[in-house]
Amino acid sequence: MQRIFAYVRSLNSTLIQSFVPYFTTRTMTSNNDTKSSFGDTKQKYMNMSLEEKKKIFKSTTNSVNQIPTWAEYWSKNKSFISVKVSNQNAKAGMEVAKKISFWMGDITTLEVDAVVNAANSVLIPGGGVDGAIHKAAGPYLKVECATLGRCPAGEARITGGYMLPAKYVIHTVGPIGKIPEVLEQCYKNCLDLAKAYGLRTIAFPCISTGVYGYPQEAAAQVALSTVTNYLINDIDSVDRVIFCLFLNSDKEIYEKLLPSYFDLN
């Protein structure tokens, strides 16, 4: 089934829309027996404390407190960061810098209220971060996703986190290719969902930069501008936003771009 969907996703959007109803129906039908109990399973994990959940994890977890904020990172490393800072138009200051981090590591190990999943429009397990999150969360994440229907590009949906350290997973579908207005909506809608559910810590992957082909630096610019502007306008909406990076090239890009968004002098 996953191979079929991988093939379908490679076709144009018209073909995708024609195939989705059939495959979605087959997927949901095959999960009927499990669906009846996923609500109880979800509630079981929701009611677990982090310490209780840690006993079932197969890997170590990473606390938000272990990850420096941008303010802390810049203070410690500014003399070593070989970028030319041009922040004369920077809108964000220290208050926002204390709420943003970038971190290289496995997003499925983060002890946050919500991790963001770079999902596909039919919300079935795919490759990359999507596959990693589904694998770590366990089979009930797929079952819950099957109850949500489609998720158009730019929109977001929320589910339980199940066996993840994160209590929730927020699924968003990035654009295929460089479409900044859609990518911006991904970040905004995820933050809006986090706020609506009272979630204080959230971690984002690099949405759309994998097989969806969005250029890394251009995607980072959208991510940073959207999140910093969101926090400038609503500083109390979250306590920490973590940009979770996988490639060294992403780290270099974020380290280069971040100083231009903040006036920390």
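Colleague: Start with helices α9 and α10. Is their crossing right-handed or left-handed?
Modeller: The crossing of α9 and α10 is right-handed. Bear in mind that this is a predicted model.
Colleague: At what angle do α9 and α10 pack, and how far apart are their axes?
Modeller: The angle is about 40 degrees, and the axes are 9 Å apart. Angles under 35 degrees would count as roughly parallel. The two helices are therefore oblique to each other.
Colleague: Which residues of α9 and α10 meet?
Modeller: From α9 (residues 180–196), the contact uses P180, L183, E184, Y187, K188, L191, D192 and K195. They meet A219, V222, A223, T226, V227 and Y230 of α10.
Colleague: Now α10 and α11. What angle do they pack at?
Modeller: About 50 degrees, with the axes 10 Å apart. α10 and α11 are therefore oblique to each other. Their crossing is right-handed.
Colleague: And which residues of α10 and α11 make the contact?
Modeller: On the α10 side they are Q216, E217, A220, Q221, A223 and L224. On the α11 side they are S249, D250, I253, Y254, K256 and L257. A223 of α10 is also among the residues that meet α9.
Colleague: Switching to α7. Which of its residues are buried?
Modeller: D130, I133, H134 and A137. The helix runs over residues 128–137.
Colleague: Are those on the same side of α7 or on opposite sides?
Modeller: The same side, because they cover an arc of only 95 degrees around the axis. An α-helix has 3.6 residues a turn, so residues three or four places apart point the same way.
Colleague: What is exposed on the other side of α7?
Modeller: G128 and K135 are exposed there.
Colleague: And what covers the buried residues of α7?
Modeller: The cover includes strands β4 (114–118) and β6 (168–172), plus helix α8 (139–146).
Colleague: What follows α7?
Modeller: G138 does, and its phi is positive, near 100 degrees.
Colleague: Where is Y162 found, then?
Modeller: In the loop between β5 (156–160) and β6. Y162 counts as buried because its relative accessible area is 2%, and the cut-off is under 20%.
Colleague: What about S208: what is its phi?
Modeller: Near 75 degrees, again positive in a residue other than glycine. S208 sits in the loop between β7 (201–204) and α10. S208 is buried too, with a relative accessible area of 6%.
Colleague: Last topic, cysteines. How many disulfides does the structure hold?
Modeller: The structure holds 0 disulfides. For C145, the nearest cysteine sulfur belongs to C151 and is 9.6 Å away.
Colleague: Is C145 buried or exposed?
Modeller: C145 is buried, with a relative accessible area of 1%.

Notes: Residues are numbered from 1 along each chain as its sequence is written. This is a predicted model: local features need pLDDT of at least 70, side-chain atom pairs count only at pLDDT 80 or more; totals for chains, interfaces and linings use all residues. Side-chain values use heavy atoms; hydrogens and water are left out. A disulfide is a pair of cysteine sulfur atoms within 2.5 Å. Buried means under 20% relative accessible area, exposed over 50%, partly exposed in between (1.4 Å probe, protein chains only). Helices (H or I, at least four residues) and strands (E, at least two) are DSSP runs, numbered from the N terminus. The arc is that of the directions from the helix axis to the C-beta atoms. Contact means heavy atoms within 4.5 Å. Axes are lines fitted to C-alpha atoms, for helices over the stretch in contact, and angles run from 0 to 180 degrees between N-to-C directions. Angles under 35 degrees count as roughly parallel, over 145 as roughly antiparallel, 65 to 115 as roughly perpendicular and the rest as oblique. A crossing is left-handed if the near helix is turned anticlockwise from the far one by less than a right angle, and right-handed if clockwise.
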